[in-house]
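Please look over the structure shown below before reading the briefing.

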Amino acid sequence: MKKYIALLALAGLATSAMGEGADFSHNAEFRLRYTLDQEADGKEDFNPSTQNKWEQRFRWGSTFRAGEKLTAHLGLIHAATWGHSDFLTGSTSDSGDPGIGQMTGVGNGENLLLVNEAYGSWMATDELLIRFGRGGLPMGDERVIGLNNWGATQNAFEGALFTYDKEMARFNLFGAKVADWNPSATPGNTKVSDPEINMWGFAMDWKSLPEWLKMAHLHVLQTNVDKNADTTTGLPAPFASINKESKLRYGVVLSGDMHNVDYRLTYASHSGEWEDLNVDRSGSMIDAEIGYSMPNMMNSRVSFLYHTDTGDDSGSGTEVETYDSFYYTKHSNAGWMDIYEYGNLTFMQLGWSMDISDDLNFKAQYLMFSQTEKDATSAKTGVNGGSFTATSDATEDALGSEIDLEVTKKYQGGFSIAARLGMFSPGDEYKGGAEDSYNQFMLEGKMSF
């Protein structure tokens, strides 16, 4: 840890040590978030019924430039939950006492700086940019691949990105090694294999658009997953229980506005096969939203959103039709309480927002969730929804409803405070089990530099 701090201090002071014509800039963000969950499992009599946690994250980005052609970016993150010290990992202090409050050990990842992004960029021509290394790969409206910035760390991939920028459109060609594991290095292995997860594809964003169309995005990508050849030795995730897979994905995003009406349509689909099991995999998703703005009424906006993705009702054993949500930005794309993820999920959402003043904003939304196919596997649960799986009823499809209220106050200098209240009422899917309401309160402060 001391080495990391020394390195960052050196980077902040050693401007004169850089080469001629080189310069660099920094940006940072610190946020502190308090979350209180009441009856998160939907069972009022279960103890403990109330849980709370404090989470903080410090994100530091440094960009280095050597002339107009070469750029490198380093993104560091420290994320921690208050109270998660070495004591929780079973370590002890030098005196033999539990190491409560000691944040110097390396056994707990919350004590370390994480390199979330580290890449270099070369402007090969005035129109061609080549980026290589580790970085985010957001596409379109981030409902297929996104940064997922709400979490402790952002989504990042290691590979290369070629961006060809023309007046008509921006073209992106990319390849990434999502995962790599070599079990031949494990003692006791008798077979040599090199399982990997690789992804490559193409994305296009039109720039010359009519006034009523603000985004027109298209992407096509392929993923290949290897299966370990040595079945005698267990592997860590993600290779512990995967199948050999080849999958093609494609999707489009259209959005725009005209005469106070805004709209967005997202469609994504995938098809492929678990080759070792001879099982076909396919799925699709539609997410559409329309809104109406009233600038003269406290800058109000009302909206309606409809989402549906496929579930598996084939029952054949040779075909899986549940939509694979991939690496999309999960928070706020199925309610702010993050109870559900895409996959056999259908919901409708009514939204309303208004500016109470120039620096005070209010938002509210109401959502109704259901399973697309009630006979299929229950909808995937998100970070805060794992407890709603054990008591599911295969004869019902109503998952429940959610109400979210949020107020955000902005201050000068890049400081903001947000407070949110969420209330989830379980549907008939959980009758006879988790039937009580789940309430959540969140308070977040954020400083941007």
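Helices (H or I, at least four residues) and strands (E, at least two) are DSSP runs, numbered from the N terminus. In these terms, threonine 329 sits in the loop between strand E14 (319-320) and strand E15 (345-357). This is a predicted model, in which local features need pLDDT of at least 70 and side-chain atom pairs count only at pLDDT 80 or more, while totals for chains, interfaces and linings use all residues. Residues are numbered from 1 along each chain as its sequence is written, and side-chain values use heavy atoms, with hydrogens and water left out.

- Threonine 329 counts as buried because its relative accessible area is 14%, where buried means under 20% relative accessible area, exposed over 50%, and partly exposed in between (1.4 Å probe, protein chains only).
- The side chain of threonine 329 makes a polar contact with the side chain of glutamate 142 at 2.6 Å; a polar contact is a pair of N or O atoms within 3.5 Å, where within protein one must be able to donate a hydrogen and the other to accept it, and residues adjacent in sequence count only if both atoms are side-chain atoms.
- Leaving aside residues up to four places away in sequence, threonine 329 touches Glu142, Gly146, Leu147 and Asn148, contact meaning heavy atoms within 4.5 Å.

**Salt bridges**

- The model has 24 salt bridges, each defined as a side-chain nitrogen of Lys or Arg within 4 Å of a carboxyl oxygen of Asp or Glu.
- Asp141, Arg143, Asp262, Arg264, Asp287, Glu289 and Arg301 are linked in a network of salt bridges.
- Lysine 177 forms a salt bridge with aspartate 180, where the closest N and O atoms are 3.4 Å apart; here lysine 177 is partly exposed at 35% relative accessibility, and aspartate 180 is partly exposed at 40%.

**Confidence**

- The mean pLDDT of the protein chain is 83, and 79% of its residues reach 70 or more; pLDDT is the predictor's confidence in each residue, from 0 to 100.
- Confidence is lowest in helix H1 (residues 2-13), at a mean of 49, and highest in strand E13 (residues 300-309), at 97.
- Over residues 13-17 pLDDT stays under 50, and the model has one contact beyond four places in sequence for them.
- Over residues 231-240 pLDDT also stays under 50, although the model has 17 contacts beyond four places in sequence for them.
- Where pLDDT is low, the predicted coordinates should not be read in detail.

- A search of the whole structure finds two cavities of 30 Å³ or more, a cavity being a set of points, on a 1 Å grid over the protein atoms alone, where a 1.4 Å probe fits but cannot get out.
- The largest cavity has a volume of about 90 Å³, a volume being the space filled by probe spheres set on the points, with grid points joined across faces, edges and corners.
- The largest cavity is lined by 14 residues, of which Arg131, Leu137, Phe157, Gly159 and Ala160 lie nearest its centre; lining residues have an atom within 4 Å of a point.
- Strand E5 (128-135), strand E6 (157-165) and strand E7 (169-180) each supply at least two residues of the lining of the largest cavity, and E6 gives the largest share, five residues.

Conventions
1 Å grid on protein atoms, 1.4 Å probe; cavity = no way out; pocket = protein on both sides within 12 Å on 5 of 7 lines; lining within 4 Å.
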